[in-house]
Amino acid sequence: MPSAAAALIDETMLLDDTDRLRAAAAFVREHESSTLLPLLLPGLHGPELESLAAHCRFAHVGLLLFPRDPQHLRSQLADCGLAAYTPSHPSVVVQERLARRHRRDARELDVRILRPRVHGPAGERRAVEVFALTVPAGSDLEPIAAHERARDHEAHLAFELETPDTLLLRGLCAVLTRHGARPDGGGYNPHEDGTVLYFTTPAAATCRYRRFELYASGDHRHALAAHLDEHPGADRPAETLLHLLTGAWTTQALATFARLRLPEAMDTAAATSTRELARRTATHPESLATLLRYLTMLDVVAEGEEEQDGFRLTPLGSLLRADTPDTMRPLALMYAGPFYRSFGALDHTVRTGRPAFDHLFGENHFDHFARDPALAELFARSMAAGSRVFEPLPDHPVITAAAQAPTPGTVVDVAGGNGALLGRILTAHPKLRGTLLERPHAVEAARRSLDGMGCGARCDYRSGDFADVPHGGDVYILSRVLHDSDDARCGEILRHCARAMPAHADLLIVERLLPTDGSPSLATAWDLHMMCNVGGRERRTDHYARLLADAGLELVDRTPLPLEAYVLHARKAPSAAIR
């Protein structure tokens with residue numbers, strides 16, 4: 001039994017959180033952009049204040065709470081006049097920030113985000129953005145809660161652009177920084193399709209909240225790049241170029257870290273001495289120390305409090321462990337292996353228009369991998385390493401509709417690799433059936449994978465090429481397939497799918513999309529990769545729409561996915577003739 005004093009301390013902490021929540025809700029109810037902005041940025045007045053207030057709507061106050069359990073959180077919300085049963089979802093950003101600040105494994109910190117509604121002075125729809133980390137009584141998380149309550153790192157205000165426009169966003173940022181706001185990070189959230197820019201207030205600010213964010217719906221990566229100052233050496237071009245030229249060293253350092261099984265030999269909570277790590281991995285202590293110092297700059301490992309403490313693994317470095325479900329180790333080995341070698345012949349591709357991989361290895365990469373079982377397995381695992389792209393797909397409306405139909409439908413995964421995506425869908429929807437089409441050498445690997453996921457009994461397997469797309473499915477999937485091919489081959493693949501699809505069927509295409517404004521994007525990097533290694537390319541949405549139309553299909557919509565991917569939804573065009 002906890003002592004009375006301990007109970008009193010706990011209740012005081014809870015009351016403190018409740019008071020903070022009540023104050024945040026009152027703040028949201030009482031303030032307007034026009035009165036709030038001068039408190040954040042002293043000296044802002046006149047036309048500039050009017051312009052900012054006209055374009056920036058005060059949207060919410062954010063804060064981090066530490067309830068003892070979900071019921072305590074509901075009680076706190078109710079006590080503050082907020083909806084007690086507000087839906088929540090994971091907050092990855094705050095989870096990672098807490099993990100970095102307190103040197104904890106992010107997986108130990110279950111941070112949820114919820115936004116109970118609050119009305120402004122004139123009835124405007126606003127919210128209190130609550131981040132909640134459950135801290136049971138006696139938990140080892142209590143020091144984190146005490147530290148965060150004292151410093152209130154995550155407390156902030158938020159403004160939302162009324163008209164999300166990149167030029168307007170950059171102009172507003174210029175006004176904010178001119179009046180003392182300091183950029184403090186930001187990012188693009190593909191789940192919400194929104195861009196957020198963080199600022200801290202100048203020292204003269206009279207508002208109790210020291211951080212605020214500017215949110216714009218849509219993808220505004222030009223403005224984001226300028227805000228983050230992604231090129232801090234722009235005024236020192238020689239230094240900037242030198243950093244760029246050493247990118248190959250990073251690729252090989254990460255792969256070496258993975259190949260030597262260093263992530264598995266390290267702990268995320270406590271540092272291990274270099275000499276002990278060298279003993280565990282049969283490596284040279286001094287050389288290992290040099291590698292680990294380099295990886296410290298990349299936030300893959302972190303040094304202990306004292307130099308003699310050695311190094312510990314960070315959440316980023318944990319992604320290279322082989323024994324975690326979301327491991328990216330196979331990608332590190334693939335990018336530092338065959339694809340690394342082929343990029344050394346990129347000039348051949350640029351001169352001739354033909355893949356460097358074919359030139360270097362004497363055959364295309366699909367045939368080359370098929371003849372080498374170990375390489376084929378590594379490639380399959382590297383594709384699966386990007387499977388977080390698939391996380392929202394089982395909830396796509398067309399898949400949900402097929403699962404809820406009176407006669408549950410069949411999902412056909414065309415060139416489905418090792419079955420990671422199909423298995424995820426079938427696991428989420430136990431009534432669905434699946435069909436996987438792949439080359440013969442990949443089918444057996446997919447069969448083993450799907451059996452291991454408990455879905456094998458509901459799967460059919462077809463060995464073949466795109467000409468063998470099975471007929472009669474309800475949902476067809478082409479995941480990271482079309483970017484392997486040029487337009488002519490893409491057209492053939494889409495026509496094969498269209499011929500196989502019944503009139504009611506849906507087609508889901510998972511790809512990265514090139515931005516229309518030339519802003520920084522993973523798709524732009526992958527466009528170069530596909531050109532060099534397979535003779536394929538990434539495309540814009542309108543490009544895919546034309547390819548679909550030529551195949552007798554029409555693009556219905558697109559939905560953002562993690563890792564800057566999208567799912568394109570297509571159906572047969574009315575009365576279309578498939579050529």
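## Strand 15 and its partners

Val412 stands opposite Tyr476 in strand 15, and strand 12 and strand 15 run parallel, joined by 3 bridges; helices (H or I, at least four residues) and strands (E, at least two) are here DSSP runs, numbered from the N terminus, and two strands pair if DSSP finds at least two bridges between them. The model is a predicted one, in which local features need pLDDT of at least 70 and side-chain atom pairs count only at pLDDT 80 or more, while totals for chains, interfaces and linings use all residues. Residues are numbered from 1 along each chain as its sequence is written, and side-chain values use heavy atoms, with hydrogens and water left out.

Strand 15 (residues 475-479) also pairs with strand 16 (residues 506-512), in the parallel sense and over 5 bridges. Within this pairing, Leu507 of strand 16 is the bridge partner of Tyr476, and Val510 of strand 16 stands opposite Ser479. Strand 15 is largely enclosed by the rest of the structure, because 5 of its 5 residues are buried, where buried means under 20% relative accessible area, exposed means over 50%, and partly exposed lies in between (1.4 Å probe, protein chains only). Both of its faces are covered, with Val475, Ile477 and Ser479 buried on one side and Tyr476 and Leu478 buried on the other.

An open sheet of 7 strands, with mixed pairing, has the order 14-13-12-15-16-18-17. Its edge strands are strand 14 (459-463) and strand 17 (553-560), each of which pairs on one side only. Neighbouring strands of this sheet are turned by 20° against each other on average, direction ignored; the axes are lines fitted to C-alpha atoms, for helices over the stretch in contact, and angles run from 0 to 180 degrees between N-to-C directions.

Helix 22 (residues 420-428) lies across strand 12 (410-414), strand 13 (433-438), strand 14 and strand 15, and runs at about 180° to strand 13. Contact, here and below, means heavy atoms within 4.5 Å.

## Packing of helix 12 and helix 13

Helix 12 (residues 274-281) and helix 13 (residues 285-297) pack at an angle of about 110°, with their axes 9 Å apart. The two helices are therefore roughly perpendicular to each other, on a scale where angles under 35 degrees count as roughly parallel, over 145 as roughly antiparallel, 65 to 115 as roughly perpendicular and the rest as oblique.

Helix 12 contributes Thr274, Arg275, Leu277, Ala278 and Thr281 to the contact, and helix 13 contributes Pro285, Glu286, Leu288, Ala289 and Leu292. By class, this contact has 6 nonpolar, 2 polar and 2 charged residues, where Ala, Val, Leu, Ile, Met, Phe, Trp, Tyr, Cys and Pro count as nonpolar, Asp, Glu, Lys and Arg as charged, and the others, Gly among them, as polar.

## Salt bridges

If a salt bridge is defined as a side-chain nitrogen of Lys or Arg within 4 Å of a carboxyl oxygen of Asp or Glu, the count comes to 30 salt bridges. One of them joins the side chains of Asp19 and Arg22, at 3.2 Å from N to O. Asp19 and Arg22 are 3 residues apart in helix 1 (residues 4-30), and are therefore separated by about one helical turn. Asp19 is partly exposed at 37% relative accessibility, and Arg22 is partly exposed with a relative accessible area of 37%.

Arg126 forms a salt bridge with Glu32, with the closest N and O atoms 3.1 Å apart. This pair links distant parts of the chain, 94 residues apart, with Arg126 in strand 5 (residues 125-133) and Glu32 in the loop between helix 1 and helix 2 (33-40). Arg126 is buried, with a relative accessible area of 4%, whereas Glu32 is partly exposed at 27%. In helix 24 (residues 487-500), Arg489 and Glu492 lie 3 residues apart, about one turn of the helix, and form a salt bridge whose closest N and O atoms are 2.9 Å apart. Arg489 is partly exposed at 26%, as is Glu492 at 35%.

## The surroundings of Tyr340

Tyr340 lies in helix 16 (residues 338-343) and counts as partly exposed, at 32% relative accessibility. Leaving out residues up to four places away in sequence, Tyr340 touches Ala248, Thr251, Gln252, Met334 and Tyr335. The C-alpha atoms of Tyr340 and Gly317, which are 23 residues apart along the chain, are separated by 21 Å.
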